[in-house]
Amino acid sequence: MIYAIYVLIAFSVFFALAGVVGMLRMPDAFCRMQSSTNIATFGMLGVIIGGILYSLCILDMNWGFAVKLFCLGVFYIVTNPIAGHAIAKAGYHHGVETVEMVCDKYGEDME
């Protein structure tokens, strides 16, 4: 079971590293924001699931800790994409420059 925890933490490290590379290579603020949201969401998801497994298997069924981590994970998964979308919407309203928008459905809705 300890190997499953290691795999989940490696999963988180992979997504955090891929997100950092994405933030460095993306051309504009909106693309970088999408990459940073992936870092926060998927980077923490493996750590939280690994912590739940650790609390249930290694810490002799510590259900209180597992439930707290589960609630934290649900809260994180629900709020992080919403926060990223709200920041992107504010950036769009304030005229943050982009490289090229092929499809601008948000701008069509504002008219």
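Phe 11 and Phe 15 both lie in helix 1 (residues 2-25), 4 residues apart, which is about one turn of the helix; helices here are DSSP runs of H or I with at least four residues, numbered from the N terminus. The model is a predicted one, in which local features need pLDDT of at least 70 and side-chain atom pairs count only at pLDDT 80 or more, while totals for chains, interfaces and linings use all residues. Residues are numbered from 1 along each chain as its sequence is written, and side-chain values use heavy atoms, with hydrogens and water left out.

**Aromatic rings**

Rings of Phe, Tyr and Trp (its six-membered ring) are taken as a pair if their centres lie within 6.5 Å, with planes under 30 degrees apart counted as stacked, over 60 as edge-to-face and the rest as tilted. By this rule the count comes to 4 aromatic pairs, and two of them are set out below.

| Aromatic pair | Centre to centre | Angle between the planes | Geometry |
|---|---|---|---|
| Phe 11 and Phe 15 | 4.8 Å | 70° | edge-to-face |
| Phe 14 and Phe 15 | 5.5 Å | 75° | edge-to-face |

Ring pairs link Phe 11, Phe 14, Phe 15 and Phe 42 into a cluster. For accessibility, buried means under 20% relative accessible area, exposed means over 50%, and partly exposed covers the values in between (1.4 Å probe, protein chains only). Phe 11 is partly exposed because its relative accessibility is 33%, and Phe 15 is likewise partly exposed, with a relative accessible area of 25%, whereas Phe 14 counts as exposed at 54%.

**Helix 1 against helix 2**

Two packed helices are described by the angle between their axes and the distance between the axes. Axes are lines fitted to C-alpha atoms, for helices over the stretch in contact, and angles run from 0 to 180 degrees between N-to-C directions. Helix 1 and helix 2 pack at an angle of about 170°, with their axes 8 Å apart, and helix 1 and helix 2 are therefore roughly antiparallel to each other; in this scheme, angles under 35 degrees count as roughly parallel, over 145 as roughly antiparallel, 65 to 115 as roughly perpendicular and the rest as oblique. The residues of the contact of helix 1 with helix 2 divide into 15 nonpolar, 8 polar and 1 charged, where Ala, Val, Leu, Ile, Met, Phe, Trp, Tyr, Cys and Pro count as nonpolar, Asp, Glu, Lys and Arg as charged, and the others, Gly among them, as polar.

Gly 43 is found in helix 2 and is buried, with a relative accessible area of 11%. The C-alpha atoms of Gly 43 and Phe 15 are separated by 5.5 Å, although these residues are 28 residues apart along the chain. Contact means heavy atoms within 4.5 Å, and, not counting residues up to four places away in sequence, Gly 43 touches Ser 12, Phe 15 and Asn 38. Leu 8, which is found in helix 1, is in contact with Gly 46, Ile 49, Gly 50 and Leu 53, leaving aside its neighbours within four places in sequence. Ile 2 also belongs to helix 1 and is partly exposed at a relative accessible area of 31%, and its C-alpha atom is separated by 9.1 Å from that of Gly 50, which lies 48 residues apart from Ile 2 along the chain.

**Helix 2 against helix 3**

The axes of helix 2 and helix 3 come within 9 Å and cross at roughly 175°, and helix 2 and helix 3 are therefore roughly antiparallel to each other. The residues of the contact of helix 2 with helix 3 divide into 20 nonpolar, 8 polar and no charged.

The largest nonpolar core has 5 residues, namely Ile 48, Ile 52, Leu 56, Ala 66 and Leu 69. Helix 2 (29-57) and helix 3 (63-93) each supply at least two residues of this core, and helix 2 gives the most, with 3 residues. Such a core is a set of buried Ala, Val, Leu, Ile, Met, Phe, Trp, Tyr and Cys residues joined through side-chain atoms within 4.5 Å. Not counting residues up to four places away in sequence, Ile 52 touches Ala 66, Leu 69 and Phe 70.

Thr 37 has its place in helix 2 and counts as buried at 18% relative accessibility; with residues up to four places away in sequence not counted, Thr 37 touches Asn 80, Pro 81 and Gly 84. In the loop between helix 2 and helix 3 lies Met 61, whose phi is near 55°, a positive value in a residue other than glycine. Met 61 counts as partly exposed, at 47% relative accessibility.
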